[in-house]
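Here are my notes on this model, point by point. Please read them with the structure open.

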Amino acid sequence: MSGSETLLAIDDLEVTYGKVSALRGVSFDVDQGDFVAIIGPNGAGKSTLSDAIAGFVDYDGSIEYLDEEVRDRMVASSVDIMRQQNRTIGERIGTLTDRYLTKGARTMVRDGLIYCTEKRNLFGEMSVQKNLQLGTYQRKGNVSQRMDFVYDLFPVLQERRDQLAQTLSGGEQQQLAIGRALMSNPRMLLLDEPTLGLSPRVREDIANALTQIQQDGVTVVLCEQNVTFAMDLADQVYLMENGLFARQGNPETLRGDEYIQSVYLGE
Amino acid sequence: MVDILPIVISSIVKGSLYALVAVGFTLIFGVGGVLNLAHGATITIGAYAAYLIGEGYALGAPGAIAGAIIVPGLFGALMYIVLIRRVQDDPVIVMIMTLIASIGVESLIGQIGPSGQQPQILVSGNTPEVLGVSVQYHELLIVFVSLALIGALFLYVNRTDTGRAILATSQDRKGAFLVGIDSSRINLWMWVLASVLAGIAGLFLIPSEGLSADMGLWPLIFSFAIVILGGLGSIRGSVVGAYVIGTVEVMTTSLVDPKLTGLTPLLLLLVVLFVRPSGLFGQEVQV
Ligand SMILES: Nc1ncnc2c1ncn2[C@@H]1O[C@H](COP(=O)(O)OP(=O)(O)OP(=O)(O)O)[C@@H](O)[C@H]1O
Ligand SMILES: [Mg+2]
């Protein structure tokens, strides 16, 4: 029986930045309702993977979100231009910069793929409230209900609703970034390193939030260095090292894996 | 005693005109991070379009207004789509491209366009004297239209979804993508909007400056001074800067020496660059 729909299908994905090979053939599927975690050390390729899924870098192989190739969601000719330019202008290799992000932004977000980046990318000179409101730019409806939901999850955001985003503390900014993503009413939430620099208490809040939205049917892909945090939440875990999956399985299996125990769980 | 009132009035008129030009210049910079050196050529295009359609086709003021809006708007869109979009991440290449476009447009107009005409396309005549001073209707129109357009722009940026998307794009382009804002569309729209404002300024420049291929050059140079003074990317800053530069220019020409037109704003620009050179790059659209 297979009642669940495949949201994301990744096949033999490769990303190179100039001469650096960041992803070297990664394949996996994410079904509707799954909670998938990608764990791995610094430089393993986690952010590159999330950027590729969200359409920020050019790639080889295939990434299909809702049966549509991510590359084709960008304006095709732009990708061609980028490829030509990559051969001549070395430093921009691999990055899909503004000029390529044409219809891509609209269709990805409209189809519910919401990405919360490692760098957060908040609107620094806008208030907390305005940042959250912009989360609904493409996905309107139930705005005040969602706002209440986010403020419930992260009460500090409500206290600081009129404060400029750039003046928030790191942890508050992280909560705002996640809050803004939730305002977009994600179908699939892609999170890169959401626990970076957070106190255990806020980490707990975020864990609770993720559990709650998964119960509401949201699919989650979590890229995370904090192995314990990721293993506690995910149904399926992939360990990435040097641009490849070194291990994969459900958390129970991986917890029993000797290599993971010695290197990542410090036992 | 120098008569102060005419100086004040001229300063306001100049300031209003420069504000129209500078606000567009700052919008393109704030959102796209690039300097549009063809902004002056767009002024020229607006003036010629207004003249040719209004006078040439005898459509009068409505034709002139339509020409000053539509033709520069199309030019701005074409500039962005054909030239800029592909190179917009490289500010230096954009400067070179827009400079080339500007020279091309101006020499083309210089070759085939009429020059020297100074018709009163929109309105003519003077108001009755108030406090011993009488203003040209044309000047009054400049001030009111400029204030109305800039006021509308403020509301637009602050109150509408697209306005917020403009601010978002200028503050964090990747962030804008993350919420589904199509930043290329926003950029295109900024080019159109800025070019329309420049075109309207061109229309207003006809009676005082007369038609010439390089009529947009000085307003462009002043725009530099203005937006640097006001902070690149800041709408409010460029409005304030426009009135400051307008006043400085009028004071110089009427109190010191008319031959110095243009020189003092440039000196002011140099001073500002020395005092806060950091103001030059990397700022966002602010209202
Ligand atoms: N723009 C870039 N240009 C060149 N190399 C890059 C670029 N971005 C990433 N890399 C390289 O690609 C590799 C993978 O980087 P990535 O950021 O994906 O790692 P990560 O798993 O997210 O690491 P971290 O846990 O530190 O965030 C690294 O070796 C990195 O140096
Ligand atoms: Mg990373």
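1. Helix H1 (residues 46-54) of chain A gives the largest share of the shell around ligand 1, with three residues. Helices (H or I, at least four residues) and strands (E, at least two) are DSSP runs, numbered from the N terminus. By class, the shell has four nonpolar, six polar and three charged residues. Here Ala, Val, Leu, Ile, Met, Phe, Trp, Tyr, Cys and Pro count as nonpolar, Asp, Glu, Lys and Arg as charged, and the others, Gly among them, as polar.

2. A word on the basis. This is a predicted model: local features need pLDDT of at least 70, side-chain atom pairs count only at pLDDT 80 or more, and totals for chains, interfaces and linings use all residues. Residues are numbered from 1 along each chain as its sequence is written, chains are lettered from A and ligands numbered from 1 in the order in which they are written, and side-chain values use heavy atoms, with hydrogens and water left out.

3. Which residues come nearest to ligand 1? They are Asn42(A), Lys46(A), Ser47(A), Thr48(A) and Glu118(A), out of 13 residues around the ligand (a heavy atom within 4 Å).

4. An N or O atom in the side chain of Ser47(A) is 2.7 Å from an oxygen atom of the ligand. For a polar backbone atom of Gly43(A), the distance to a ligand oxygen is 2.8 Å. A polar side-chain atom of Glu193(A) lies 3.5 Å from a ligand oxygen. Taken alone, ligand 1 exposes 630 Å², and the protein buries 64% of that (Shrake-Rupley, 1.4 Å probe).

5. Now the interface. Chain A puts 33 residues into the contact and chain B 28 residues (heavy atoms within 4.5 Å). About 2,700 Å² is buried between the chains, 56% of it from carbon and sulfur atoms. Buried area is the accessible area (1.4 Å probe) lost on putting two parts together, summed over both.

6. Two salt bridges cross this interface (a side-chain nitrogen of Lys or Arg within 4 Å of a carboxyl oxygen of Asp or Glu). Lys140(A) forms a salt bridge with Asp161(B), the closest N and O atoms being 3.0 Å apart.

7. Over all chains, the count comes to eleven salt bridges. Arg187(A) pairs with Glu5(A) at 3.2 Å between the closest N and O atoms. Arg187(A) lies in the loop between helix H8 (170-183) and strand E7 (188-192) of chain A, and Glu5(A) in the segment before strand E1 (6-17) of chain A, so the pair ties together parts 182 residues apart in sequence.

Terms used: A polar contact is a pair of N or O atoms within 3.5 Å; within protein, one must be able to donate a hydrogen and the other to accept it, and residues adjacent in sequence count only if both atoms are side-chain atoms.
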